[in-house]
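Hi there,

Here is the structure I promised to pass on. Have a look at it, and my notes follow below.

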Amino acid sequence: MSIPVEFTDRLSIPLIASPMFIASGINLVVECCKAGIVGTFPALNQRTSEGFESWLIEINAKLAKWEQQSGKKAAPFGVNLIVHKSNPRWQADLALCVKYKVPLIITSLGAVADLVKEVHAYGGLVFHDVVNARHGQKAAAAGVDGIIAVCNGAGGHAGSTNPFALVTELRQFFDKTILLAGSLSHGKDIASAQMMGADMAYMGTRFLATSEANIDREYQDMILDSNASDIVYTPKISGVNASFIRQSIVDAGIDPNDLSPKAELDFGAELDMNAKPNKDDKKAWRDIWSAGQGVGSIDEIKSTLELVSQLIGEYHEATEKYNRSYKNTFAK
Ligand SMILES: Cc1cc2nc3c(=O)[nH]c(=O)nc-3n(C[C@H](O)[C@H](O)[C@H](O)COP(=O)(O)O)c2cc1C
């Protein structure tokens, strides 16, 4: 079990705020890194590679300025690349990650050995997200530094495997960093992830309820009002299994109990949607809102700094409470 040495002395807790289409922008990333957790965003959140490059420049400048002023080290940041034939940009975006030496690349869908070599050449790390052990084995063979177990209840393109089952299966062949994703919301969830064999936690939905998340207030209100039973897990909205808030499906004029099949996963189309919003045409992510089953534990919008401070306190409290509560309970 391990956390990469590149993260030593830079993290306040073992946590990555995961990349979220539309929602993760510069402000969220920078505030996460200042608070001591890894902030990330999908390259596709900027509609062109030129725009993506401008974000890399701005994030590096903001973090460098903050480090100089505070005398502290910011946590590293990461970029999510969707390595899929329908994403025409991933190679150009990778070249920019290499140019600006992005500390962490998070790949989704394709785990590619050449990409890993290119990132390692400048000292960067590659984590890959998977929903099953077979994809984890491919990622391990490609030489990635970390595998993210996206389990049931996660927001976005979630998996359906139980977290205990998937982390254990991944650990059987992977001794580098394992991250757990799926409904983690509280500091005790981060401690639990470590106890069950993961090294770090990966949280998305929890960060939708921050003032820095780039989403509408109506979306945030829906998160505050929802529970696990309000999350619909279906392939019929975005082309692969993903989690959406039932009320947002209803508000888009669609019957959640009668969803028609969606043809194919197409990240080119998502990019296009990001560029040219068409109000009459209701789209996944922009109009039909994604969240994981962890929504039930979210009841307030906070700043990222407040949220991370809270998670740090909860994480330490959970660890101490566990040690205290059961200290003399069991036979030696
Ligand atoms: C609104 C939303 C958008 C997402 N977009 C992406 C994305 O573009 N790329 C990606 O790798 N994961 C994406 N995800 C998945 C997250 O990175 C992460 O795996 C997931 O949020 C973890 O589960 P949780 O939401 O229960 O914490 C998205 C999740 C949400 C909620």
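Which side chains meet in a salt bridge at 3.9 Å, N to O? They are D114 and K117, where a salt bridge is a side-chain nitrogen of Lys or Arg within 4 Å of a carboxyl oxygen of Asp or Glu.

Before the rest, please note that this is a predicted model: local features need pLDDT of at least 70, side-chain atom pairs count only at pLDDT 80 or more, and totals for chains, interfaces and linings use all residues. Residues are numbered from 1 along each chain as its sequence is written, and side-chain values use heavy atoms, leaving out hydrogens and water.

**Salt bridges**

The count comes to eleven salt bridges. D114 and K117 are both exposed (over 50% relative accessible area; buried is under 20%, partly exposed in between, with a 1.4 Å probe and protein chains only). Another pair is E58 with K62, whose closest N and O atoms are 3.1 Å apart. E58 is partly exposed at 33% relative accessibility, and K62 is partly exposed at 34%. K302 pairs with E300 at 3.3 Å between the closest N and O atoms. Here K302 is buried, at 15%, while E300 is partly exposed, at 41%.

**The ligand**

The ligand is surrounded by 21 residues (each with a heavy atom within 4 Å of it). P19, F21, N80, S183 and T205 are the closest. A polar side-chain atom of S18 lies 3.1 Å from a ligand oxygen atom, and one of S108 lies 3.0 Å from a ligand oxygen atom.

Happy to chat about any of this!

Best wishes

Definitions and conventions:
A polar contact is a pair of N or O atoms within 3.5 Å; within protein, one must be able to donate a hydrogen and the other to accept it, and residues adjacent in sequence count only if both atoms are side-chain atoms.
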